[in-house]
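Work through the exercises below with the sequence and the model side by side. Each task is followed by a solution that goes step by step.

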Amino acid sequence: MQTSRIWSELDLQKEGKATGYLRVPISTNASAYGWIPVPIASIKNGSGPRVLLIAGSHGDEWEGQIMLIKLIQSLKVRDINGHLIILPAANAPAVQAGQRVSPLDDGNLNRSFPGDPNGTPTMMIAHFIEAVLLPGCDLVCDLHSGGSSLEYLPSAVIIAATSASQLRQSVDLLRVFGLPVGFATDASTGGDRSLTGACNRVGSVACLSTELGGGGTVSRNVLRAAEDGLARILHHVGVLNAAPKEPHFGSTQLLYRVRPNDFVYSSANGLFEPFVNLGDSVTDGQEAGRIHFTEEPWRKPVTVHFGVGGIVLCRRFPARAALGDCLFNVGKTWTPE
Ligand SMILES: [Zn+2]
């Protein structure tokens with residue numbers, strides 16, 4: 001494994017709480033010997049589980065970023081048993097720009113694993129996470145949401161694991177997180193290039209993700225539910241000592257998200273008129289919406305259909321849609337046992 005070029009003033013082996021930066025080297029017209037700051041916090045208290053919390057893998061997904069900024073400020077060393085590492089703005093240039101991908105290299109961090117220590121800034125960050133931060137972790141929580149272009153039914157997400165015992169543990173995490181919906185997928189939409197792909201390569205790292213709303217904004221209720229859920233998860237795996245403020249959680253509906261081939265995509269460029277809402281139950285072949293033509297308003301709109309039915313998990317947020325844009329995806333009721 002090649003050595004990362006990223007360095008830090010933080011010693012991740014050291015006991016106690018420390019905050020600072022991963023320094024991603026960059027040499028540009030504006031900054032010949034510079035580095036890009038990726039904020040990191042390490043809170044270590046004796047032996048115990050090692051947990052990595054990540055947000056800002058996509059810069060326009062705000063909920064997780066706010067959650068982790070708040071945790072960095074509120075958690076004290078005595079609150080922790082083991083080691084908590086927090087990256088609240090993993091693809092920091094994308095976070096700073098408020099964009100899904102980095103403005104420096106168009107890098108989508110969750111499509112960049114295993115990364116490259118000699119690659120672009122996004123590739124270097126991916127490599128550091130997979131090669132340096134993930135090994136030895138018991139759990140990684142990767143906080144995503146719909147971002148600017150999608151809105152999700154707020155959900156915790158797992159990848160359907162290969163072994164029965166792994167699957168049981170993952171389903172427990174969905175239930176402990178306690179959002180009304182938890183869903184499993186065959187694989188991340190990023191496949192092997194996603195953080196879940198990295199977890200599979202490293203091995204024995206449980207991976208819990210989320211899709212917390214989106215639409216380019218933050219919902220107070222969703223944020224609060226996700227903060228309570230994350231506290232329950234951290235207590236459940238033993239890295240957070242205190243029992244969470246909201247120890248009770250409701251029942252979680254378990255769904256299995258259909259494969260990307262079965263998502264509903266726009267078949268034309270135009271204005272997207274949805275026919276259903278998030279959380280609605282839809283049937284195979286049901287009409288999903290229409291695409292209207294602003295430049296040919298006399299032209300008959302195109303109707304798009306759900307290929308397979310289920311519960312509507314996600315919808316495109318902006319009305320302007322182009323051929324190939326994802327308009328909806330659905331989850332089918334799932335009984336894992
Ligand atoms: Zn994301």
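**Exercise 1.** In this predicted model, determine how many bridges join strand E2 to strand E3 and in which sense the two strands run.

*Solution.* Begin with E2, which covers residues 16-26, and then find E3 at residues 34-45. Counting along the pair gives 11 bridges, and the two strands run antiparallel.

**Exercise 2.** Find which strands pair with E13, and over how many bridges each pairing extends.

*Solution.* Locate E13 at residues 270-274 and follow its antiparallel pairing with strand E18 (residues 320-321), which is made over two bridges. In this pairing, Leu271 stands opposite Arg320 of E18. Then take strand E15 (residues 287-292), with which E13 pairs over four bridges, again in the antiparallel sense. Here the residue to look for is Phe272, which stands opposite Ile291 in E15.

**Exercise 3.** Classify the arrangement of helices H4 and H6 from the crossing of their axes, and list the residues that make the contact.

*Solution.* Take H4 as residues 164-177 and H6 as residues 220-236; their axes come within 8 Å and cross at roughly 135°. On the H4 side, the contact is made by Leu173, Val176 and Phe177, while H6 contributes Gly229, Arg232, Ile233 and His236. Sorted by class, the residues of this contact divide into four nonpolar, two polar and one charged.

**Exercise 4.** Describe how domain 1 meets domain 2, and state which element gives the most to the domain 1 side.

*Solution.* First set the bounds, with domain 1 at 7-257 and domain 2 at 260-330. The centres of the two domains, taken over C-alpha atoms, are separated by 30 Å. Across the boundary, 15 residues of domain 1 are in contact with 11 residues of domain 2. On the domain 1 side, the elements that give two or more residues are strand E7 (150-152) and strand E11 (253-257), and E7 gives the most, with three residues. By class, this side of domain 1 has five nonpolar, eight polar and two charged residues.

Technical notes. Residues are numbered from 1 along each chain as its sequence is written. This is a predicted model: local features need pLDDT of at least 70, side-chain atom pairs count only at pLDDT 80 or more; totals for chains, interfaces and linings use all residues. Domain bounds come from an automatic or database domain assignment. Two residues are in contact if their C-beta atoms, placed from the backbone, lie within 7 Å. Ala, Val, Leu, Ile, Met, Phe, Trp, Tyr, Cys and Pro count as nonpolar, Asp, Glu, Lys and Arg as charged, and the others, Gly among them, as polar. Axes are lines fitted to C-alpha atoms, for helices over the stretch in contact, and angles run from 0 to 180 degrees between N-to-C directions. Two strands pair if DSSP finds at least two bridges between them.
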